[in-house]
Amino acid sequence: EELERMKKEGHSAATIETKRQAMEAWKAIDETMMEMVPVLSRMNDMCKKVGREMLKFKLSLQQPKSDHPFVKVQVTNTETSTVVFLDPFELTASMNVLADQILALKTNED
């Protein structure tokens with residue numbers, strides 16, 4: 001493991017701790033991105049069902065100047081070129097609302 005190698009090479013405890021925190025941050029980013037891939041796919045499919053094909057969803061890695069990067073979802077309206085960035089939990093909540101609305105529409109059709 002890289003942290004063990006750093007200890008053997010004589011790196012300071014502070015340097016090793018900083019590296020450990022960075023590794024944990026990147027692991028969390030990887031997990032979030034993997035969790036969001038099916039959500040983005042489902043949102044694209046649902047938007048097509050309700051005639052909102054102009055909305056496109058993709059993952060974006062944001063890098064603040066003094067912190068670790070984090071995942072945002074870029075939502076683009078291709079008709080207006082409007083772009084907004086959402087936290088992953090915001091998109092998931094919106095997806096659940098949209099899924100409920102689509103289900104209600106299907107129920108009313110039957």
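Student: Which residues of the largest nonpolar core touch the most other members?

Tutor: A nonpolar core is a set of buried Ala, Val, Leu, Ile, Met, Phe, Trp, Tyr and Cys residues joined through side-chain atoms within 4.5 Å; buried means under 20% relative accessible area with a 1.4 Å probe, protein chains only. Here the largest such core has 14 residues, and Met43, Met46, Phe57, Val73, Leu91 and Leu98 touch the most other members. Helix H2 (13-49), strand E2 (70-77) and helix H3 (88-109) each supply at least two of its residues, with the largest share, six residues, coming from H2. Helices (H or I, at least four residues) and strands (E, at least two) are DSSP runs, numbered from the N terminus.

A word on the source: this is a predicted model, where local features need pLDDT of at least 70, side-chain atom pairs count only at pLDDT 80 or more, and totals for chains, interfaces and linings use all residues. Residues are numbered from 1 along each chain as its sequence is written, and side-chain values use heavy atoms, leaving out hydrogens and water.

Student: What does Leu98 touch, not counting residues up to four places away in sequence?

Tutor: Contact means heavy atoms within 4.5 Å. By that rule, Leu98 touches Met43, Met46, Cys47 and Val50.

Student: In what order do the three strands form the open sheet?

Tutor: Two strands pair if DSSP finds at least two bridges between them. The order here is E1-E2-E3, with antiparallel pairing. Strand E1 (55-62) and strand E3 (82-86) are the edges, each pairing on one side only. E1 and E2 pair over eight bridges; Lys56, for example, has Thr76 in E2 as its bridge partner.

Definitions and conventions: Buried < 20%, exposed > 50% of the residue type's maximum accessible area, 1.4 Å probe, protein only.
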